[in-house]
Amino acid sequence: MNALKQYIDLYDESREAIEQQSPALLNNLRRVAREHLETARLPRKGSEDYEATDLEAVFAHDYGVNVNRLPFDADPAEAFHCDVPNMSTCLYYSSNDAFHSSPTAERNIGQVVVEPFSMAAVDYPELMNAYYGQLARMTDPTVALNTLLVQDGLFIYVPDGVVAERPIQLVNIFNAALDMMVQRRLLIVVGKNASIKLLACDHTQSPDYHYLNNQVVEIVAMQGSTIDYYDMEESTPLTRRVSSIYVDQHEGSNVLIDGITLINGFTRNNYHVEVNGEHAETRLLGMTIASGEQHVDSHTFISHNAPRCHSNEMFKYVLNDSAVGAFAGKILVKPDCPRVEAYQGNRNICGAPTAKMYTKPQLEIYTDDVMCSHGSAVGQLDEDALFYMRTRGIGIDEARRLLMQAFVADVIDGVRLDALKDRLHYLVEKRFAGTLSNCSSCMAACRKN
Amino acid sequence: MLIIKDLQASIEDKQILKGINLTVKPGEVHAIMGPNGSGKSTLSAVLTGNPAYTVTGGSVEFYGKDLLALSPEDRAHEGLFLSFQYPVEIPGVSMVNFMRTALNEKRKYFGQEPLSAADFLKLMREKRTIVQLDNKLASRAVNEGFSGGEKKRNEIFQMAMLEPKLSILDETDSGLDIDALRVVANGVNTLKSKDNATIVITHYQRLLDYIKPDFVHVLYKGRIVMSAGPELALELEEKGYDWIKEQVDSQQ
């Protein structure tokens with residue numbers, strides 16, 4: 001079996017249609033992607049770095065691919081409005097695979113560029129040519145597949161010295177009335193001493209269809225820039241997501257990436273950070289709350305290629321029922337990179353005997369004068385704390401909820417956007433109380449409701 | 001209010017309580033003393049329903065209800081409170097959230113509406129003063145980073161908030177300096193009324209100088225082997241437990 005073959009065949013058959021409706025610079029890389037896929041195989045469960053996850057099975061499903069770019073929804077901005085209290089964002093939507101802006105998008109006008117690739121290819125051809133596809137590794141077949149089939153994407157550019165006043169919020173919505181795979185693609189370029197906060201929320205409107213988001217995000221952090229990228233998923237049991245985020249950090253840049261999974265079906269999140277300049281800071285955060293049959297797998301790779309940099313990662317999982325979690329994290333410190341500090345933590349709670357957690361921390365260090373550590377733990381809720389709370393009259397279910405919330409609290413507190421932090425505490429509370437519905441948690445609440 | 005009959009309990013197949021008999025009435029203060037390992041803390045753990053212990057015999061009646069059939073949280077709702085010898089730290093759960101949840105669960109149990117935020121905070125402020133608990137502590141995570149004295153004061157603060165009918169103070173004096181001991185004891189005395197009762201578990205007469213017991217019991221080898229008035233505590237302070245041990249061991 002080779003799940004990739006159906007997509008390669010589709011490409012070969014529809015090549016003309018795909019290329020006609022895409023900017024030329026996307027087409028240029030397709031040939032390379034096609035070559036990579038010729039011999040590539042999707043990882044099966046048990047392959048290196050895929051101890052718990054079978055990508056072959058995820059892609060084997062017969063999803064629809066919208067090669068001819070048929071519109072699904074006239075204008076999602078009409079149907080949604082932002083519902084994050086106290087957070088005045090510039091809001092953009094992707095409905096399945098098409099981008100839309102909303103009236104709030106104009107708030108950052110003159111500061112930040114947010115455009116679909118189709119426009120950016122005309123407006124910013126040098127930047128697009130210089131950075132598109134440069135960070136993402138086609139040796140990963142999911143990246144090659146994205147590059148092969150992607151027809152549009154979102155380009156975010158913060159010019160040198162610009163500090164974006166308002167956060168950019170991108171709401172990704174699946175709402176097609178058929179099984180569907182989309183290739184989401186983001187290219188984020190943040191100039192020297194520029195700064196931006198981004199919040200991406202993945203939502204699924206219909207619980208009845210199989211969706212697959214095969215996503216690639218490339219982030220270039222120039223000298224002295226600051227980037228926050230919050231990536232939240234709240235979807236459905238039939239939604240699958242394979243996401244790869246690639247980051248290139250220059251001297252003195254500060255990048256925070258926070259992956260949050262509240263409700264999902266199957267998710268694999270890859271984080272690949274190349275720290276290429278001195279005094280760069282990297283913070284990776286992850287929070288997963290999974291129950292039922294949810295599957296969440298995170299893979300991180302931070303490569304310290306320059307001296308005197310600091311990275312810190314913390315991933316926390318709370319798994320109930322038959323949920324499966326996986327974390328594999330690797331820190332590489334290359335030769336001649338003294339004074340690097342790199343810390344990695346992965347803490348997990350299995351709240352049920354049927355919940356499973358796989359964890360694999362790795363350090364690879366080729367320089368002497370560094371400070372690195374990793375820690376990984378899987379456990380249950382603290383029995384003493386549970387009993388203590390019960391003696392105060394807090395019922396066992398409520399006590400468990402409070403402890404689970406407390407467990408992830410420090411990851412939420414790592415969020416550098418106050419309105420989002422408050423919102424996350426609220427959402428997590430609702431998530432553990434089992435009252436998180438698709439609508440209430442959605443940051444883009446439907447006007448009809 | 002509390003009638004314990006022939007209570008037997010074990011942990012991991014080791015029999016600790018071998019037949020406890022004790023009756024407590026409203027308004028009374030009972031002191032339970034005894035050498036290390038005699039079962040004092042086990043008694044408090046079993047009464048509050050610690051799942052680590054197994055009750056192997058006997059009965060406990062609390063205001064006519066079968067206490068042992070109730071869950072730990074329902075025992076709390078019915079008016080039982082334990083001040084822990086080692087209060088547990090719960091990082092990430094704020095004192096405010098913890099106390100509000102506890103109070104509202106109790107109100108729910110009795111079919112009452114939850115307390116409004118304003119009323120709750122007013123109550124917190126009011127009760128805090130009883131044990132001179134700093135406002136800063138109230139806004140921190142439960143017991144996290146509290147000093148020994150602060151933890152014990154926090155226990156009495158929770159007792160003040162929950163207004164139990166029967167409070168068990170398990171070695172509340174351990175780890176306290178003299179000033180903190182006085183504050184804690186004053187707190188307990190302030191909360192004392194003719195309708196509630198207190199069981200004080202302690203090693204030392206010192207605490208009993210502040211919290212005056214009506215009865216003093218000596219627990220030894222899982223049984224109450226001697227009961228008397230407050231004068232017994234003074235005698236123990238002077239003579240130790242050896243004479244009681246000899247007396248009991250010779251009878252066996």
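The model is predicted, and local features need pLDDT of at least 70, side-chain atom pairs count only at pLDDT 80 or more, while totals for chains, interfaces and linings use all residues. Residues are numbered from 1 along each chain as its sequence is written, and chains are lettered from A and ligands numbered from 1 in the order in which they are written.

**The two chains**

- Chain A has eleven helices and 22 strands, where helices (H or I, at least four residues) and strands (E, at least two) are DSSP runs, numbered from the N terminus.
- The radius of gyration of chain A is 21 Å, close to the 22 Å that the globule rule gives for 449 residues, so chain A is as compact as a globular protein of that length; this radius is taken over C-alpha atoms, and the globule rule is 2.2 Å times the number of residues to the power 0.38.
- Along the principal axes, the C-alpha atoms of chain A fill a box of roughly 70 × 55 × 50 Å.
- Chain B contains ten helices and twelve strands, and its radius of gyration is 18 Å, close to the 18 Å given by the globule rule for 252 residues, so chain B is as compact as a globular protein of that length.
- The C-alpha atoms of chain B fill a box of roughly 60 × 40 × 35 Å, again taken along the principal axes.

**The sheet of chain A**

- Ten strands of chain A form an open sheet with mixed pairing, in the order β3-β2-β6-β9-β11-β13-β15-β17-β19-β21, and two strands pair if DSSP finds at least two bridges between them.
- At the edges stand β3 (98-101) and β21 (371-379) of chain A, each of which pairs on one side only.
- Neighbouring strands of this sheet are turned by 10 degrees against each other on average, direction ignored.
- Strands β13 (residues 254-263) and β15 (residues 281-290) of chain A run parallel and are joined by eight bridges, and the bridge partner of N254(A) in β15(A) is E281(A).
- Helix α9(A) packs on the sheet, where it touches β15, β17 (310-319) and β19 (341-350) of chain A, and its direction makes about 155 degrees with that of β17(A).

**Helices packed against α9(A)**

- The axes of α8 (residues 383-391) and α9 (residues 396-413) of chain A come within 9 Å and cross at roughly 130 degrees; axes are lines fitted to C-alpha atoms, for helices over the stretch in contact, and angles run from 0 to 180 degrees between N-to-C directions.
- That angle makes α8(A) oblique to α9(A), since angles under 35 degrees count as roughly parallel, over 145 as roughly antiparallel, 65 to 115 as roughly perpendicular and the rest as oblique.
- The axes of α9(A) and α10 (residues 418-433) of chain A come within 10 Å and cross at roughly 155 degrees, and these two helices are therefore roughly antiparallel to each other.

**Where the chains meet**

- The contact takes 17 residues from chain A and 20 residues from chain B, with two residues in contact if their C-beta atoms, placed from the backbone, lie within 7 Å.
- On the side of chain A that touches chain B, α8 and α9 of chain A are the elements that give two or more residues, and α9(A) gives the most, with seven residues.
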